[in-house]
There are 2 protein chains.
Amino acid sequence: MLKLSKKVEYGLIAVRHIASLNNQISTVKEISEKYTIPSDVLAKVMQRLTKGKLISSHQGAMGGYTLARRAEEISVMDVIAVIEGTQVGIAQCFSEEPQNCSIFHNCTIKNPLGKIQHNLELVFNSMKVSEIV
Amino acid sequence: MLKLSKKVEYGLIAVRHIASLNNQISTVKEISEKYTIPSDVLAKVMQRLTKGKLISSHQGAMGGYTLARRAEEISVMDVIAVIEGTQVGIAQCFSEEPQNCSIFHNCTIKNPLGKIQHNLELVFNSMKVSEIV
DNA sequence: ATGAAATAGGACTACGCAAGTCGTATTTGC
DNA sequence: GCAAATACGACTTGCGTAGTCCTATTTCAT
Ligand code: SF4
Ligand code: SF4
């Protein structure tokens with residue numbers, strides 16, 4: 001409960017790695033070996049980060065990935081949001097249709113939880129990749 | 001990912017309910033019907049809250065539950081910690097033996113994540129039941 | 001041109017946890 | 001003694017996470 005997925009952790013490690021090398025091009029093989037991450041899993045993480053425009057891919061031999069923005073402009077929240085396609089919410093009614101929760105109408109805690117959700121987002125938004133290199 | 005469990009939500013609803021009734025004794029049946037919560041599930045949640053000394057149980061006919069502390073002294077974090085027996089951690093290495101994570105030794109993000117973890121705890125600790133009645 | 005190095009992406013499996021159900025025992029007020 | 005309530009363990013089901021496997025595509029270097 002409340003745990004980040006491994007994919008997100010891998011994504012953060014990868015993005016931080018590229019940033020720490022001053023945005024030098026890096027490959028999946030290089031990163032997966034250095035940090036002992038299953039390369040297939042990391043590959044798909046990188047593909048999502050590419051689709052989310054946080055990094056840029058360079059296909060073919062001598063290819064790899066570079067950052068698509070400055071490290072100061074990539075937050076932990078960005079990485080989470082891109083890797084988890086869905087909306088991140090501390091409760092069901094924040095991440096999907098509120099009606100999906102059978103007790104939505106007489107739920108007495110959704111407003112307080114909304115406040116907490118907002119504060120959590122502030123925390124994740126405020127930490128940038130540039131701070132963790 | 002990052003979602004509270006239903007048990008925690010049920011626990012918060014129940015604790016808030018009792019608090020809103022000015023600590024009048026309340027039963028599982030009463031709460032489960034009012035909020036459409038499966039009574040068996042709620043029952044076990046209440047038992048955990050009792051073991052965690054957040055509420056007090058009164059067995060037998062005319063029994064039920066009351067708060068064991070003032071609503072100002074029960075935080076959302078307390079409820080989470082008691083219902084989830086385990087340590088709540090944003091990453092594996094915070095909730096179990098660090099060695100369990102195969103990449104612990106060369107993990108470059110555990111310190112930053114630790115900082116985030118700390119901030120999240122502040123958020124959950126600062127919201128008290130008395131604020132959500 | 002050809003082959004090697006790299007990204008792109010779908011299909012599938014295995015495992016663990018969340019949520020709920022069921023059955024039974026125990027306590028206690030009337 | 002009966003009914004209302006808590007206590008608690010065993011079980012099922014479904015879903016999400018993590019990982020594996022396989023194939024296609026792109027592009028550089030020889
Ligand atoms: S409505 Fe209440 S119970 Fe349903 S998801 Fe939102 S917060 Fe949780
Ligand atoms: S060590 Fe790094 S990767 Fe392993 S759990 Fe802690 S943070 Fe996540």
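Start with ligand 2. Residues from chains A and B surround ligand 2, so the site is shared between chains. Select the chain A side of the shell: Lys6(A) and Glu9(A) are among its residues. A residue counts as near a molecule or strand if one of its heavy atoms lies within 4 Å of it.

Colour by element next. H1 of chain A gives two or more residues to this shell, and so do helix H5 (92-95) and helix H6 (110-126) of chain B. Helices (H or I, at least four residues) and strands (E, at least two) are DSSP runs, numbered from the N terminus. By class, the shell around ligand 2 divides into seven nonpolar, one polar and three charged residues. Here Ala, Val, Leu, Ile, Met, Phe, Trp, Tyr, Cys and Pro count as nonpolar, Asp, Glu, Lys and Arg as charged, and the others, Gly among them, as polar.

A word on the model before moving on. It is predicted: local features need pLDDT of at least 70, side-chain atom pairs count only at pLDDT 80 or more, and totals for chains, interfaces and linings use all residues. Residues are numbered from 1 along each chain as its sequence is written, chains are lettered from A and ligands numbered from 1 in the order in which they are written, and side-chain values use heavy atoms, with hydrogens and water left out.

Now show both chains. In contact (heavy atoms within 4.5 Å) are 41 residues of chain A and 40 residues of chain B. Together the chains bury about 3800 Å², 71% of it on carbon and sulfur atoms. Buried area is the accessible area (1.4 Å probe) that two parts lose on being put together, summed over both. Select Met1(A), Leu2(A) and Lys3(A): in chain A they lose the most area to chain B, together 19% of what that side buries.

How many residue pairs are in polar contact across the interface of chain A and chain B? The rule finds 10, with both residues at pLDDT 80 or more. A polar contact is a pair of N or O atoms within 3.5 Å; within protein, one must be able to donate a hydrogen and the other to accept it, and residues adjacent in sequence count only if both atoms are side-chain atoms.

Pick out H6(A). With eight residues, H6(A) gives the most to the side of chain A that touches chain B. That side divides into 25 nonpolar, eight polar and eight charged residues.

Superpose the chains. Chain A can be laid on chain B with an RMSD of 0.0 Å by a turn of 180° and a shift of 0.0 Å along the axis. In chain A, the C-alpha nearest the axis is that of Leu2(A), 1.9 Å from it.

Last stop: DNA strand C. It is surrounded by 22 residues, the closest being Lys44(A), Ser57(A), Gln59(A), Tyr65(A) and Gln59(B). H3(B) supplies the largest share of the nearby surface, three residues.

- Gln47(A): a side-chain N or O atom is 3.4 Å from a base nitrogen of DNA strand C.
- Tyr10(B): a side-chain N or O atom is 3.1 Å from a phosphate oxygen of DNA strand C.
- Gly60(B): a polar backbone atom is 3.5 Å from a base oxygen of DNA strand C.

Notes: Copies are superposed by least squares on the C-alpha atoms of residues with pLDDT of at least 70 in both.
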